[in-house]
Structures are given as C-alpha cells and as structure tokens.
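Me: Can you walk me through the ligand sites in this one? I would like the contacts, then whatever else stands out.

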Amino acid sequence: MKRAPEQAAASKGLVVPRSVAVIMDGNGRWAKQAGFARIKGHEKGISAVRTTVTECAQLGVSALTLYAFSEENWHRPKSEISLLMKLLERFLTQERATLMANQIRLVHAGRRARLSPKTLALLDATIALTAANHGMVLCLAISYGGRQEIVDAVKTLASEIAAGHVAREAIDEAAISERLYQPTLPDPDLLIRTAGEMRVSNFLLWQIQYAEIWVTPVCWPDFGKRELHAAFVDYGQRIRKFGKVL
Ligand code: IPE
Ligand code: IPE
Ligand code: MG
C-alpha cells in the first residue's frame, strides 16, 4: 500500500516544509571542474531539477519555486542565453509526463516581455495541461527579479488607485502580496541555495521575509535526494520565532 507522504517523510526523520524555494546555482562551476563547457552543467542541471521536483512532490511539499533564470541573467552572453532557453523549452515538453504522473501544477513567476513567442507558447501549453492537477505547485521563476516583481505590483496598485478602485488608505502588506506574480503561493518556509554563495541574488525578496536559509557547497548538477533530505532534517531543527519571544 502506498504510504501518505507525511508518513514516508517522518520515517526518514525529515520535516517537510510547506513551501520550498531553490536558487539552483553552480552549473558553470560544476562544468568547469569537470572540464566541460558551461552548457554541459546546465544540461546536467535538468536531471537535478527532475529529481528534486519529483521528490518534493512525493514528500508532500505544497509549493516548490525554482529560480531558473533571473532578470540579471539577460546580461549573460547571447550564446549562453539561447542555449538556456532551448533547455528550458526542452524541459517544458519532456517533463510533461512527469508533471502529470505526479499531479504537479506548473505556474510561472516573472516578466513575459523578453521571452520568445516559442518559449511562451510552450510555457503556456504546459501550464494549461497541468492546470487541473491537485498536487504540488511547481513555480518556475523565469525572467524573474524580486525588485522587478515589487515594482510591477506597485504599478498595478497605483493604476487601481488612479482609477478609483482602491483607496490609498487600503494599502497594506496584503495589498502588495495580492499583486505579486503568484499571489496564492505560500511564502517559502525554506530557501535552499546550492554552490555556496551567501546571497539571495534578487530572488523572492518580499516572500522570503521569514524563510529559513540553507546553503550547501554542492553545485546544482550534483544536488540530489541526499542533499534535499539533509536540508529538510536541518529545517526540522530550526526554531522559528517570527520576531516573538518563545
Ligand atoms: C545556475 O548556474 C544557472 C543559472 C543561473 C541559469 P550558473 O550558470 O550561475 O553557474 P555558476 O554560478 O557560473 O557556477
Ligand atoms: C541566481 O544565480 C539566478 C539563478 C539561479 C537562476 P546567479 O548565478 O545568476 O547569481 P549571482 O550572479 O551569483 O548572484
Ligand atoms: Mg551562478
């Protein structure tokens, strides 16, 4: 008999966060260490995405947000950007079976303006295909920036105020949160960053307010179940105070 996700996790000593966000970093360094071109690291990174997505879904995570391409990543060489977009397009088609088999619903966070019509079409088609799935939500942050997201939310709010639909006095934290790219997703409980950098690189600036941060020196292509479980075990030992005295 298939066990409930919570039971499976508990038996491994893991505490499964409701919402997880991952800065998948170190593809280039992994490739360099192995003597390959950077793109090999990105290719290998796709397998790591599959492993983490399916494991999170099976363990009962409600929302997983993956940082796939930042607004600042548009400043990379054109050749690397186009290869990254090709890999993303391949992922959006090849992983459909995995998403369906695991009842995963895909959503996007980020700006659409600079994505090509082909990328957008594949993204939208996969989002539509998985729209009725009732398991984990997989949010791909593509052409995403945390500051840009806040700017976009404030612009929306400003137009609504100018049109007389919202009163200035009604601006509060909820009013901003409701206008972010994916307002229904719970804020991350756990933020994972691979490849050792101790920074957030413009990721989910509003939402990580009280996220627990876990950084591993392991580069993203080598990140597997073992590292994910280690993060969840460590998360389970954190004392979350949210500013209060316990
Ligand atoms: C993460 O790996 C993937 C993206 C940012 C798209 P990097 O490409 O940043 O790898 P490093 O940081 O150069 O090793
Ligand atoms: C963050 O990694 C962006 C993604 C993982 C998509 P970067 O490699 O772009 O971040 P920095 O430049 O090291 O801060
Ligand atoms: Mg990097």
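This is a predicted model: local features need pLDDT of at least 70, side-chain atom pairs count only at pLDDT 80 or more; totals for chains, interfaces and linings use all residues.

Me: ok, ligand 1. Which residues are around it?

Reply: The residues around ligand 1 are Met24, Asp25, Gly26, Asn27, Gly28, Arg29, Arg38, His42, Ala68, Asn73, Arg76 and Leu84.

Me: How does that shell split by class?

Reply: Three residues are nonpolar, five are polar and four are charged.

Me: And what is the distance from an oxygen atom of ligand 1 to the side chain of arginine 38?

Reply: An N or O atom in the arginine 38 side chain is 2.8 Å from an oxygen atom of ligand 1. For the side chain of aspartate 25, the distance from an N or O atom to a ligand 1 oxygen is 2.9 Å. Glycine 28 uses its backbone instead: an N or O atom there lies 2.9 Å from an oxygen of ligand 1.

Me: How much of ligand 1 does the protein bury?

Reply: The protein buries 87% of the 380 Å² that ligand 1 exposes when taken alone.

Me: Where does it sit, and which elements give two or more residues to the shell?

Reply: Ligand 1 sits in the largest pocket. The elements giving two or more shell residues are α2 (27–34) and α3 (38–59). The largest share, three residues, comes from α2.

Me: Now ligand 2. What surrounds it?

Reply: Ligand 2 has Ile23, Met24, Asp25, Tyr67, Ala68, Phe69, Asn73, Arg76, Arg193, Arg199 and Ser201 around it. By class, that shell has five nonpolar, two polar and four charged residues. Strand β2 (residues 63–70) gives the most, with three residues.

Me: Which pocket is that?

Reply: The space taken by ligand 2 is the largest pocket.

Me: Different topic. Where is glutamine 207?

Reply: Glutamine 207 is in the loop between β5 (190–193) and β6 (212–215).

Me: Buried or exposed, and why?

Reply: Glutamine 207 counts as buried because its relative accessibility is 12%, and the cut-off for buried is under 20%.

Me: What does its side chain contact?

Reply: The side chains of glutamine 207 and glutamate 149 are joined by a polar contact of 3.1 Å.

Note on methods: Residues are numbered from 1 along each chain as its sequence is written. Chains are lettered from A and ligands numbered from 1 in the order in which they are written. Side-chain values use heavy atoms; hydrogens and water are left out. A residue is near a molecule or strand if one of its heavy atoms lies within 4 Å of it. A polar contact is a pair of N or O atoms within 3.5 Å; within protein, one must be able to donate a hydrogen and the other to accept it, and residues adjacent in sequence count only if both atoms are side-chain atoms. Accessible areas come from the Shrake-Rupley method with a 1.4 Å probe; for residues, only the protein chains shown count as cover. On a 1 Å grid over the protein atoms alone, a cavity is a set of points where a 1.4 Å probe fits but cannot get out, and a pocket is an open set with protein on both sides within 12 Å along at least five of seven lines; lining residues have an atom within 4 Å of a point. A molecule sits in a cavity or pocket if more than half of its atoms lie within 2 Å of its grid points. Helices (H or I, at least four residues) and strands (E, at least two) are DSSP runs, numbered from the N terminus. Ala, Val, Leu, Ile, Met, Phe, Trp, Tyr, Cys and Pro count as nonpolar, Asp, Glu, Lys and Arg as charged, and the others, Gly among them, as polar. Buried means under 20% relative accessible area, exposed over 50%, partly exposed in between (1.4 Å probe, protein chains only).
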